[in-house]
Amino acid sequence: MKYKILLLLLLAFSVKAMAYDYSEHKDIGDAAWRRMMESIQKSEHGAFLLQFLNIAKEEKTNTFYFKDLSVAGGETVGYGVLNGLSGDHARNALQLEEQLRRKNTLMQQIIYLHKQYMEQGYTSAPNGKITFKDFSYLTLAAVNQAHFYEYGLTFQQQFRKFNKSMIKECQHPQEVETIFKKLEKTNSLDFYVTLHALAIDLAEQAGKLVKTHPEHAKQLLFYAFLFNGFADHFLEDSFVSGHLVVNRSLVASLTNNNALHNFYNAEGVTVVNREGEIWRASGDKFFNSTQKKMAARYKFVRHPVRRLYGRGQPYHTCRRAFTHGCLERLCTKL
């Protein structure tokens, strides 16, 4: 048993399965959500949607948050928090929801721990501190392969395991844990497309029921955002520079994965999209230090997924922009 634990530790530390750090995911999600909320407030249905989703604004941080998930005595939970915790700290969306709806849970403690280090200028709490509080953080890092895209395969080949039946199956709570475990064995793009399609399906159902069954519609739209927050985390991970050049596998984890991952995250990778635009992508801990001005990050808001890829390989683009586009599409279903 002792040797199994040591092997697990070695495996987990030899490759940082997560990509962007907690605060980087949170920044992307919060900025996307804030931009969407600002555009919604200007529309004729803005006030209705804010009330419908039970969303409030925290003036101090200029962020919007879910009142239903921000329990008294707990941490404020916005889309950025969902973005940061998904996949790294919670294995599936319903587990995340259950932990966030109660104060003094492990997830609430993790958020607070990250916040303490973010206030000191770090991008997240140290792995050692997180592991001391939650050992499952390591096991999840070891077993979840989906934070990476599959090295050497074309864009189309990333979806060879896609199973559309999962979209409906995942709408049954008893099936969610099983579906997420299957998705962990795929890749970041397959993971994203499956959950994003699920979110859109839920949002469309909500739109059809909003007048006849408003309470049920409200619940459906809430879960659309919850699952989409999980989906966006993995799409963001697929564009990290250290994930563009690493052949992620359990065997490679014991050799050079971590060194390559860290090197290209720090140095960046020159990338190109289908529009022929070239720039330098960054990796975890370096997202904010290498990106262009804020306005440039919204450039691809309404561009479909295919325009974010070139020559069959995924490339980094403006995540705030794309995430906002996903959320905006969900809201228009109402």
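Author: One term before we start: a helix here is a DSSP run of H or I with at least four residues, and helices are numbered from the N terminus. Also, this is a predicted model.

Reader: Fine. How many residues apart are Phe230 and Phe234 in helix H12?

Author: They are 4 residues apart in H12, which covers residues 214–238, so about one helical turn separates them.

Reader: What kind of aromatic pair do Phe230 and Phe234 form?

Author: A stacked one, with 6.1 Å centre to centre and 15° between the planes. The cut-off for stacked is under 30 degrees. Phe230 is buried, and Phe234 is too.

Reader: And how many aromatic pairs does the count come to?

Author: The count comes to 14 aromatic pairs. One of them, Phe180 with Phe191, is edge-to-face, at 5.9 Å centre to centre and 75° between the planes.

Reader: Which parts does the pair of Phe180 and Phe191 tie together?

Author: Phe180 sits in helix H10 (residues 173–183) and Phe191 in helix H11 (residues 188–209), so the pair links parts that are 11 residues apart in sequence. Both Phe180 and Phe191 are buried.

Reader: Which residues form the aromatic cluster?

Author: Trp33, Phe66, Tyr79, Phe222, Tyr223 and Phe225 make up one cluster.

Reader: Phe66 is in strand E2. Are the faces of E2 covered or uncovered?

Author: Both are covered. On one side of E2 (residues 63–66) are Thr63 and Tyr65, on the other Phe64 and Phe66, and all of these are buried.

Reader: How do E1 and E2 run, and how many bridges join them?

Author: Antiparallel, with 4 bridges between E1 (residues 55–58) and E2. Lys57 has Phe64 in E2 as its bridge partner. The two strands form a hairpin with 4 residues between them, and Asn62 in the turn has a positive phi of about 55°.

Conventions. Residues are numbered from 1 along each chain as its sequence is written. This is a predicted model: local features need pLDDT of at least 70, side-chain atom pairs count only at pLDDT 80 or more; totals for chains, interfaces and linings use all residues. Side-chain values use heavy atoms; hydrogens and water are left out. Rings of Phe, Tyr and Trp (its six-membered ring) pair if their centres lie within 6.5 Å; planes under 30 degrees apart count as stacked, over 60 as edge-to-face and the rest as tilted. Buried means under 20% relative accessible area, exposed over 50%, partly exposed in between (1.4 Å probe, protein chains only). Two strands pair if DSSP finds at least two bridges between them.
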